[in-house]
Amino acid sequence: MTAETTASYRILGPLEVIGGDLRECRIARGRQQVILGMLLLEANRVVSAESLITAVWGDFPPSTARTQIQACISSLRSTLGEIGEGDAIVTRDPGYVIQVGDQQIDSQVFAKKVSEANSLIAEGNTGAAELLDEALGLWRGRALSGVVSSKLLSKASELDENRLVALETYTDLELESGRAGRLVGSLRALVAEHPLRERVRGQLMLALYRSGRQAEALETYRAGRLLAIEELGLEPSDELKRLELAVLSGEAALHLAPEPVTALREAEPGAAPGPERVADPGAPVSVPPLVPFQLPSDTAGFTGRAALIEGIDQALRDDGNQATRIVTLTGPPGAGKSTLAVHVAHRVAARFPHGQLYCDVGGTRAQPLTPAAVLGRFLRALGVPGAALPDDVDERAEMFRHLLADRRVLVVLDNVRSERQLRMLLPGSASCAVLITGGPRITGLAGARAFNVDVFENAEVLEMLEGVIGAQRVRDEAAAAETLGHMVGRLPLALRIVAARLAARPHWSLAWMVERLSDQHRTLDELAHGDLAIRTSLAVMYNGLDEEARRLLRLLSLLDGTSIPAWTAAALLDTGLPRAADLLELLVDAQILHVEGTDRTGSPRYKLNGLIRLFAREELDRNEGPEGQRAAVARVVGGWLAAVEEAHRRIYGGHFTVLHGTAPRLRFPAGYFDRVLADPLGWLESERANACAAIRLAADAGEAEACWDLAVSLVSLFEARCYFEDWEQTHLWALDCVREAGARRGYGALMCSLGSLHISRSQLTAAGQRLGVARDVFAELGDVHGQAMTRRNLALLDQRRGNNEAALAQYRPALEEFRSAGDSVGAASVLVHMASMEIDRDNFDAAGTHLSEALTICRATGSQRVEVQVRYVLSVLRQRQGRCTEAEEILTGILRQVRERRDMAGESRILHRLGLVNARLGRTGVAQSRLREAIAIRERIMDRVGAAEARLELAQLEVAIEDRMLLGDHGGVVCRTGGPVGPTNTAGPGRARGDGLPDRP
């Protein structure tokens, strides 16, 4: 090929090749168009022969495929030779490459113009809109439309997405230039084509508003909201909600300098109104990011610290530097660092419209949170589902920095022990800020502004007392008020405790409070001495309690979850719930505990401050021997075990598909579980942190039977919600414990469960090793139930590896072992897998028999979770049998169930299959809508592989519709066992899933 070549290749629309003399070079339809399209999508890069074969014939190529590809390449060279391009296609191992210049292929010209436009936008120069207009003018329709190939169209869909992003960016620029009126028509058409794309809908709202059509702008929002609720069961994003409020109130910023909806901000106090671009308008946005608001509630009547607050406020303002703003708060224990940080965070929250992340990293606890755990919490809050979280902490940190790169987010890290905890938790963007509280070892953080949070000034002491007990009482006894401040060393924590006691007892005078504290004069003198200050002030609180309350406080220090239910106090003390609740309230009165909220029965939930927990643990070791501590742990863990076991029973209809140990269970009052476990999976979700902490507690105490039993019982939550890290960590804790105790059944159960976890993560070698150990342990014990569960998992492993005969050879004895063990739901789960394999073998009668038996079991036991799996596979069978109407009815029914469980992964898979079924029923419009719903949800939960699969099916359907239109056939796609919309199996065997639906339907 020579430099004088002037031929052009066009793929931004139907495939076209135009010679230098403007003559069209006609490429034969079918295989030659597919091959040339693949080469042009990868222009100047080698495309393997295997990729070309897959693009032409999919997964079932003929034996002569390679020879036919060679013949097509030869024909293409001859055809292109007619316009002087005969040497454009070159053979290069392991395939072929088409050599073209940058200006010869329209997709590369488009990409270059868009890149130049984005550079102009970043530099603040003009001319970007004109470049984007030229780039968009290159498009003549969908990329490579008319070329029939699933693989090709899947790749081409990326170009279509790039066009839509460029069009959105161009629209932003036009809106900023004051040309809103002329955009309304094109934006209406774009919203009609992409009704769930919120950025486009926001642009239409803005264009209508600026055209003086406020009512239509609001109607556009309401129509989008109704559609999102009906189609996805979701409210619009916070960005779109803020835009609606701005339109309703006629916000001035909408008139002055329009911004894209993703960049709409609230004005800072004292700042002039105006635009501030916080996101690259050319960045691809398919689903608006979640906006987390994780800050704890601000302290009511917060007083003092005015100068300190102003200094921190200024340090958190954007100063134009390119580094993340970092502020650290240090000071003696009890100085109120956490309270101050939360107060300041609420004060500056308006400057960070993309959210506020908060985490108490537990620096004062024996086991602080790891960076990986903190990043996991933050990434989930930002919309990353559990299945998408990287295992490696470095990869998590990279994902965290990437998600915050173009956002203004405030990150609050409370109770940090050392800089080592921080390195992975800092965003890399100057648009973000970080507020950190901790000890003196965090002050050396590079680039951080450090503030020392010291004791109160005298004026602040009086201000706090007035805010809590009333100004009149303080004025009446001003001298006593000042004396109180000095007696507690002006420490905010100690002072707040004293003030709370006075407020709870209005008949006490301040002088009487001074008198009560006078006996502790030696201790109070020590309050001014560094680290001893907090211990001494806590000792005052502790000694003011009666013995039973002190013992409860000591025992509460054993717990390390997120909150304390009242029943755990009763278990620790081995007493009745009413007495334990009274003692908890005494601790609340003393401000040792604070109320965190209420549980599902309306009972309060409590939280113990980390510093108080350390103090109480010291007292526990002095006052309670090892046996007493272990007995208290056994009772609490027995309570969690009883509750989790009951939740599992309600999910599966009985004690099925799980192994249990011999640990004692705590007995709860009659009717308690009926109130708490109306939604058992939801309850498990809400208690996840506490239940995991109970496993660690049992492991540390050597309670092996309770430890492994609770760990495997929680898998019903870990699997459903993709909490793979919790699954692994709790099982590793339990493994250490059972090894030391020699608990062989527990060891086998944990290894079997870990094997299942590895299968979910597609770690097949590790799964085989774990399951092999479990098989040997259960064989040694003669444990039929354990053998059944292990054999089922080994069969699933064989199935994942593509060894179906070996899988069936394992499933059959597993089925009999489950029946022998009395685990009917376990047997049903095996029947579901066997049915799926029979469907793959076109053995529909056998599949139907298996499913009928499984369905009977589920209905007899009330196992709704497994019944959903059965009915999903039944829908696949009906579809393959050509009974698509029945398949649709089944899927519609289970769709309601998974939506009630808020199972978005399961919902997306069912919607995907509903799309396929409706396509085969000839309801192409409904099919397209269902597939688009599936894509939107999968994008929301960041299931990129699933979204790509659904896009492929949608592309195949649209190609089939276009082909029929060209042929004059308007009858739609008919129901049959095969068809143009692709294979019935849309989930590859390696996919990690949490929706409870079989991987190979």
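Good morning. Of the 1001 residues in the protein chain, buried residues make up 54%, where buried means under 20% relative accessible area, exposed over 50% and partly exposed in between, with a 1.4 Å probe and protein chains only. The structure is a predicted model, in which local features need a pLDDT of at least 70 and side-chain atom pairs count only at pLDDT 80 or more, while totals for chains, interfaces and linings use all residues. Residues are numbered from 1 along each chain as its sequence is written, and side-chain values use heavy atoms, with hydrogens and water left out.

Among contacts with a separation of 6 or more, 68% join residues 24 or more positions apart, a contact being heavy atoms within 4.5 Å.

Next, confidence. The average pLDDT of the protein chain is 82, and 87% of the residues score at least 70; pLDDT is the predictor's confidence in each residue, from 0 to 100. Over residues 256-288 the pLDDT is below 50, and this stretch has 77 contacts in the model beyond near neighbours in sequence. Residues 520-534 also stay under 50, with 21 contacts beyond four places in sequence. Confidence is lowest in helix H21 (residues 521-525), with a mean of 37, and highest in helix H31 (residues 704-713), at 97.

Let us now consider the sheets. Strands S1, S2 and S3 form an open sheet in the order S1-S2-S3, with antiparallel pairing; two strands pair if DSSP finds at least two bridges between them. Strand S1 (8-10) and strand S3 (24-25) stand at the edges with a single partner strand each, so one side of each has no neighbour in the sheet. Three bridges join S1 to strand S2 (residues 16-18), and Arg 10 stands opposite Glu 16 in S2.

Another open sheet of three strands has the order S4-S6-S5, again with antiparallel pairing. Its edge strands are S4 (47-48) and S5 (89-92), each pairing on one side only. S5 and strand S6 (residues 95-98) are joined by four bridges, with Arg 92 opposite Gly 95 in S6. Helix H1 (residues 31-41) lies across S4, S5 and S6, at about 70 degrees to S6; here axes are lines fitted to C-alpha atoms, for helices over the stretch in contact, and angles run from 0 to 180 degrees between N-to-C directions.

Further along, strand S13 (residues 593-598) and strand S14 (residues 604-608) run antiparallel, joined by five bridges. Their hairpin has five residues between the strands, among them Gly 602, which takes a positive phi near 90 degrees.

In helix H14 (residues 371-381), the buried residues include Val 374, Leu 375, Phe 378 and Leu 379. Their cover includes strand S8 (356-360), helix H15 (393-404) and strand S9 (410-416). After H14 comes Gly 383, with a positive phi near 105 degrees.

Finally, where is Thr 790 found? Thr 790 is in helix H36 (residues 784-800), and is buried, with a relative accessible area of 1%. The side chain of Thr 790 reaches the backbone oxygen of Gly 786 at 2.8 Å. Beyond its neighbours within four places in sequence, Thr 790 is in contact with Cys 752, Leu 771, Ala 774, Arg 775 and Phe 778. Thank you.

Notes. Helices (H or I, at least four residues) and strands (E, at least two) are DSSP runs, numbered from the N terminus. A polar contact is a pair of N or O atoms within 3.5 Å; within protein, one must be able to donate a hydrogen and the other to accept it, and residues adjacent in sequence count only if both atoms are side-chain atoms.
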